Amino acid sequence: MEIKINRVDPQKLKTKPSDESQIGFGDLLTDHMFLWDYESGKGWINPRIEPYGPLKIDPAAMALHYGQEIFEGLKAYRGKDGIYLFRAKDNVMRMNSSARRLCMPELNEEKTLDALKTLILLDKDWIPRSRGTSLYIRPTMLATEPHLGVRPAKAYLFFIIIGPVGAYYKEGLNPVKIYVEDEYVRAARGGTGEIKTAGNYAASLLAAEKAKEKGFTQVLWLDAVERKYVEEVGTMNMFFVMDDEVITAPLNGSILPGITRDSVLQIVRRWGLKVSECALSIDEVIEGLESGRLKESFGTGTAAVISPVGQITYKGRDHVVAGGKMGELSQRLYDEIVSIQYGDRPDPYGWVQRID
Ligand SMILES: Cc1ncc(COP(=O)(O)O)c(C=O)c1O
């Protein structure tokens, strides 16, 4: 695919952060962005890279009214000897499954990966060097057709923006406190919980804000029908180690099929541990904590990789998990995945791709 590149005027290049320890998440974006238009009957046209800047969107653009918007989140890492992309193909495939669910056009996998790499290499000086930092990649698609009737749009924009992000854990892997949400729900089976669309996140904000006011890091969502089975946490999938079994919720339609979740499942299977993707009730979790059968719990996601849980609060009672410390398996998994992401350990799974 030929991508037209319009470089930013060298006089207008942004200033890169001088202190990598101060980089947070989501505020810094690089000098360029990738754009691609879609028109019904023509397909994807005009792939281009332009200086990063505001988009011009019609106020009647259908995404703004009916929410045809999908996105992805993935990272590139600067390892000792090159730049590595982690499981990018899986993110493009997940974006296509989001597109199908919202009647949006699918992307050509190869061309999308090509666009992604071209943009990253153009702005590669933005990729931070210190361990734990990375380049966050945000591919997004939205309906741009100006029209106020409810139906799938006929025109879309796909764009990719990228920016450096800091080490998620500045002072080591701190266990998080989570609040079991039994009033609000995030998503129901048959809805859109299993895709990455903006509305899911909007729907989660109120519960998350209330939990934060009470001093919790995130909410643990229960299933929407019975408010009984544990689903996921904020922007992470959840794992529980019960006796010697690693348990996570099945992909039954209401939770996001996390790529880190899948990485953890592949690793623990390879390590020969007992694994189950099965419904686990919050009562079983609490009983496990009280009896000592539940050894540790952690969230998985692109941002933090592994986020150990130190406390679970349900119906007003606090329960300490793994003595409030990072569990043994959480640490082992974190080390394994991060070493693969930075190209330090061999990658027997075929997850990383060196792009420079
Ligand atoms: C709702 C939700 N669940 C789980 C995850 C974890 O997915 P991944 O491991 O692909 O980052 C994310 C983050 O993308 C998310 O937003």
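## The largest pocket

The largest pocket has a volume of about 800 Å³. Its lining takes in 37 residues, and Tyr201, Gly234, Thr235, Met236 and Ala303 are the closest to its centre. This is a predicted model: local features need pLDDT of at least 70, side-chain atom pairs count only at pLDDT 80 or more, and totals for chains, interfaces and linings use all residues. Residues are numbered from 1 along each chain as its sequence is written, and side-chain values use heavy atoms, with hydrogens and water left out.

A pocket is an open set of points on a 1 Å grid over the protein atoms alone, with protein on both sides within 12 Å along at least five of seven lines; a cavity is a set where a 1.4 Å probe fits but cannot get out; lining residues have an atom within 4 Å of a point. Grid points are joined across faces, edges and corners, and a volume is the space filled by probe spheres set on the points.

α4 (198-213) is among the elements that supply at least two residues of this lining. Its share, 7 residues, is the largest. Helices (H or I, at least four residues) and strands (E, at least two) are DSSP runs, numbered from the N terminus.

## The ligand

The ligand sits in the largest pocket; that is, more than half of its atoms lie within 2 Å of the pocket's grid points. β12 (236-242), α5 (259-270) and β15 (294-301) each give two or more residues to the shell around the ligand. Of the 16 residues around the ligand, Lys196, Tyr201, Glu232, Thr260 and Thr302 come nearest. A residue counts as near if one of its heavy atoms lies within 4 Å.

A polar side-chain atom of arginine 94 lies 2.8 Å from a ligand oxygen atom. For isoleucine 259, a backbone N or O atom lies 2.8 Å from a ligand oxygen atom. Taken alone, the ligand exposes 380 Å², and the protein buries 96% of that (Shrake-Rupley method, 1.4 Å probe).

## The cavities

The whole structure holds 2 cavities of 30 Å³ or more. The largest cavity has about 100 Å³ of space. Phe86, Ile259, Thr260, Thr302 and Gln341 are the closest to its centre, out of 13 lining residues. β5 (74-79) gives the most to this lining, with 3 residues.

The second largest cavity has about 30 Å³ of space. Its lining includes Glu72, Leu74 and Ala88. α2 (88-101) and α3 (109-122) each give two or more residues to the lining. The largest share, 4 residues, comes from α2.

Key. Polar contact = N/O pair within 3.5 Å; in protein donor to acceptor, adjacent residues only side chain to side chain.
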